[in-house]
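This briefing sets out the strand pairing, backbone geometry, surface and charged contacts of one protein structure. Please read it alongside the sequence and the model shown here.

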Amino acid sequence: VLTLTWDATGRRLLSGSRDKHASLWNLTAGDATRRSTALPADVVKLLASADGKIVVAITADGTARVVDAGSLQQASEWKLGDRPPLAAVLSPDAGI
């Protein structure tokens, strides 16, 4: 696991890892309720929108991938550079 963040409800945890997946964990049950399809690179940063609809997965290849929080399927992507940014912030209005 390379990164962890809470979802919008504060009851589930999102993890990103070297296996190139993002996972949504149900902390009550202790298991992964959803797992993304394999992304092209390690997931090094995750950001969850305030409305709970989207997750931004930043990968080691310097790409930000917008993922639907319900299905964990990728919706779009932006190349940020050759390496991931040191810090990232998602706008509270999630206006993407």
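A residue is termed buried when its relative accessible area is under 20%, exposed when it is over 50%, and partly exposed in between. By that scale R12 is partly exposed, because its relative accessible area is 28%. The model is predicted.

- R12 has N26 of β3 standing opposite.

- Five bridges link β5 (residues 43-48) to β6 (residues 54-59) in the antiparallel sense.
- Two bridge partners in β6 can be named for this pair: T59 is the partner of V43, and A57 is the partner of L46.

**Backbone angles in the loops**

- Most residues other than glycine have a negative phi.
- The hairpin of β5 and β6 has five residues between its strands, and G52 in this hairpin adopts a positive phi near 75 degrees.
- K20, although not a glycine, has a positive phi of about 70 degrees.
- The loop between β2 and β3 holds K20, and this residue is partly exposed, with a relative accessible area of 32%.
- L72 is another residue other than glycine with a positive phi, in this case near 60 degrees.
- L72 lies in the loop between β7 (63-68) and β8, and it counts as buried because its relative accessibility is 2%.

**A nonpolar surface patch**

- Which residues form a nonpolar patch on the surface? The patch consists of W6, W25 and L27, which together have about 310 Å² of accessible area.
- W6 belongs to strand β1 (residues 3-6).
- With a relative accessible area of 48%, W6 is partly exposed.

**Salt bridges**

- Side chains of opposite charge can pair when their charged atoms come close.
- How many salt bridges does a search of the whole structure find? The search finds four, and three of them are described here, namely R12 with D7, D61 with R65 and E77 with R65.
- R12 and D7 meet through their side chains at 2.7 Å, N to O.
- The two partners fall into separate accessibility classes, since R12 is partly exposed at 28% and D7 is buried at 11% relative accessible area.
- D61 and R65 form a salt bridge at 3.4 Å, N to O.
- D61 is partly exposed, with a relative accessible area of 22%, whereas R65 counts as buried at 2% relative accessibility.
- R65 also meets the side chain of E77 in a salt bridge, at 3.7 Å, N to O.
- Because E77 lies in strand β8 and R65 in strand β7, this pair ties together parts that are 12 residues apart in sequence.
- E77 counts as partly exposed, at 43% relative accessibility.
- D61, R65 and E77 belong to one network, joined by salt bridges that share partners.

Note on methods. Residues numbered from 1 in each chain as written. Predicted model: local features only at pLDDT ≥ 70, side-chain atom pairs only at ≥ 80, totals over all residues. Heavy atoms only, no water. Pairing = 2+ DSSP bridges. Helix = DSSP H or I, 4+ residues; strand = E, 2+ residues; numbered from the N terminus. Patch = residues over 30% accessible without salt bridge, like charges linked within 9 Å, V, L, I, M, F, W, Y side chains within 5 Å. Areas by Shrake-Rupley, 256 points an atom, 1.4 Å probe, with all protein chains shown as cover. Buried < 20%, exposed > 50% of the residue type's maximum accessible area, 1.4 Å probe, protein only.
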